[in-house]
Amino acid sequence: MVTYAGKATTDIELRPDTGSFRDPSGGILLSGDRVLRYFRPAAATPFNQVYDSGILDSLHVKGSLVGTKLLAPAVEAGLYSEAMETTDGEVALLLEHERIPFLSYMYGWPFEMLRDAALCQLDVLDEALSAGFMVKDATPFNIQFVGSRPVFIDVASIEPYEDGQIWTGYSQFCRTFLNPLLLQSLRDVPFHPWLRHSFDGIDPRDLSRVLGLGNKMRPSVFIHVVLQAYLNRRTAGAQPSGQSHRPIKKEATQQLVRGLRGTISKLHRKGSKTTWIDYEDQLPYADEALAAKERFVEDSVRGLRPSVLWDLGCNRGLFSTLAAKHAGYVVAMDFDEATVGALYERVKGSFPNILPLVVDLMNPEPDQGWAQTERQGLASRGPADFILALALVHHLRISGNVPLSRIFAWLHDITRAGIIEFVPRTDPMVQRLLSTRKDVYDDYEQGPFEAALTDVFRIEERLQLPGSERILYRFSAK
Amino acid sequence: MLGLYVDATSGGMALQIILSGLVGGLVVIKLFWHNLTSAVFFWKRNSPETVSENTPATDSETITS
């Protein structure tokens, strides 16, 4: 069976996951670092069929399913008892999942990650259909990334296939995977603001309004967007007949799934050239300074070996990849979506412990969804053990107008330690920022910078880069 | 508020039924085409002109024997 290095049951204080309440078949319970899934009695028999078929094993071996193991009531009696109490006696089966090191959502993925997540979803469905099962949902929330590898996490949505049944997740798949990818690929419009606001994705009618005639005439767009929008309109006012739909052959559903796979695998971002994508090739300091900076970062991370490191403003991941050699898991964040896409392609397959994410630090993902507890914001997924904030603060202070004291107070909320870089106002990059705005940043000097830093952190080490006025500080919480 | 009462997947359901019909239709067309081309090929292979023009006499004997 699908196994992984589980932990011994020592702490059995369980709490329901606030993002798992919609599925009538069960939900997620958390206990420390352990992630448990329970099934209610009515859902236990169908799931046992799924489990006994070996499909979960097969998907896990291929890397498309999160590690999952069934917990035996005889072995985990205490856990079952606690789960029964937490759920008012609704537990018939308990599973344990491999813990995802850092949860990420579709609005934090660059185009390439959403595309690979869509392919993962389709591959799981195709294999499920071949084995006699159906995956009832199709939302990016059921995919998580372990580093740069997408994995399907919602084993409860795999059910025994009934002859002639429809793929109920088809419309959801189009709205949350296909349409956002088409929007960005065909129109060069990023899908992130849309998906961040709308968990239901992009309605085919809305996408149809945005696309030009040429794009609408593409066969895949015509079928999945234009025709679906038309049929949605036509069927919207229809009275429910109460009759079941015409049976659909499984082969037809598989053709549909494979057709979508073919369409999506050929989609590419329309534009890729941004101001930041070539930044690492034209750094504003000499090779000697770069070498010293790399050494400082690598030595610091090697010495502390943090479990979770956040690289804030990672660009194409020069320092993320260095840190990943010695940190358990690196969450590499940058606001430039195309640059994060390039980082993803760079680390895919070669750095299994780097998770690239699109994050605008001036407006990071908030807690949102139902009761604002369903999907965690950035701060709720912290704190990090260590952060890298290299060539970042001048952007927050000058472009973002955030006072230094607030920058360091926020850093104090999200990390225990890290490395921060002071880029002086004589630096060409700061000069470029100041050239287009009135200089009202009197406090942006080394003295006030250090004073604000030491208000909340302790400076452990500092290094002035050779041939440059830039200074690196390694700090830790007081 | 009407939108709350409209099932957003109804068009998708209708579309799947149409597509499955198309897939079935394509299979029929494919079969028809296959049968047609096979029949034409078989006829061409067996017509005396084709045999005399394109095949050596020994093959012709083999075919007619």
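1. At what angle do the axes of helix 4 and helix 10 of chain A cross? In this predicted model, helix 4 (residues 111–130) and helix 10 (residues 250–265) of chain A cross at roughly 160 degrees, with axes that come within 10 Å. Helix 4 of chain A is therefore roughly antiparallel to helix 10 of chain A (angles over 145 degrees count as such). Helices here are DSSP runs (H or I, at least four residues), numbered from the N terminus. Axes are lines fitted to C-alpha atoms over the stretch in contact, with angles from 0 to 180 degrees between N-to-C directions.

2. Helix 4 of chain A supplies, among them, R115(A), L122(A), D126(A) and L129(A). Helix 10 of chain A supplies residues including K250(A), V257(A), R261(A) and I264(A). The contact residues divide into eight nonpolar, four polar and six charged.

3. Treat chain B separately. Its mean pLDDT (the predictor's confidence in each residue, from 0 to 100) is 61, and 32% of its residues reach 70 or more.

4. Residues 1–6 of chain B have one contact beyond near neighbours in sequence. Residues 50–65 of chain B have five.

5. For the complex, the predictor gives an ipTM of 0.73 and a pTM of 0.88.

6. Residues are numbered from 1 along each chain as its sequence is written, and chains are lettered from A in the order in which they are written. Local features need pLDDT of at least 70, and side-chain values use heavy atoms, with hydrogens and water left out.

Notes: Predicted model: local features only at pLDDT ≥ 70, side-chain atom pairs only at ≥ 80, totals over all residues. Helix = DSSP H or I, 4+ residues; strand = E, 2+ residues; numbered from the N terminus. Parallel < 35°, antiparallel > 145°, perpendicular 65-115°, else oblique. Contact = heavy atoms within 4.5 Å. Nonpolar A, V, L, I, M, F, W, Y, C, P; charged D, E, K, R; others polar.
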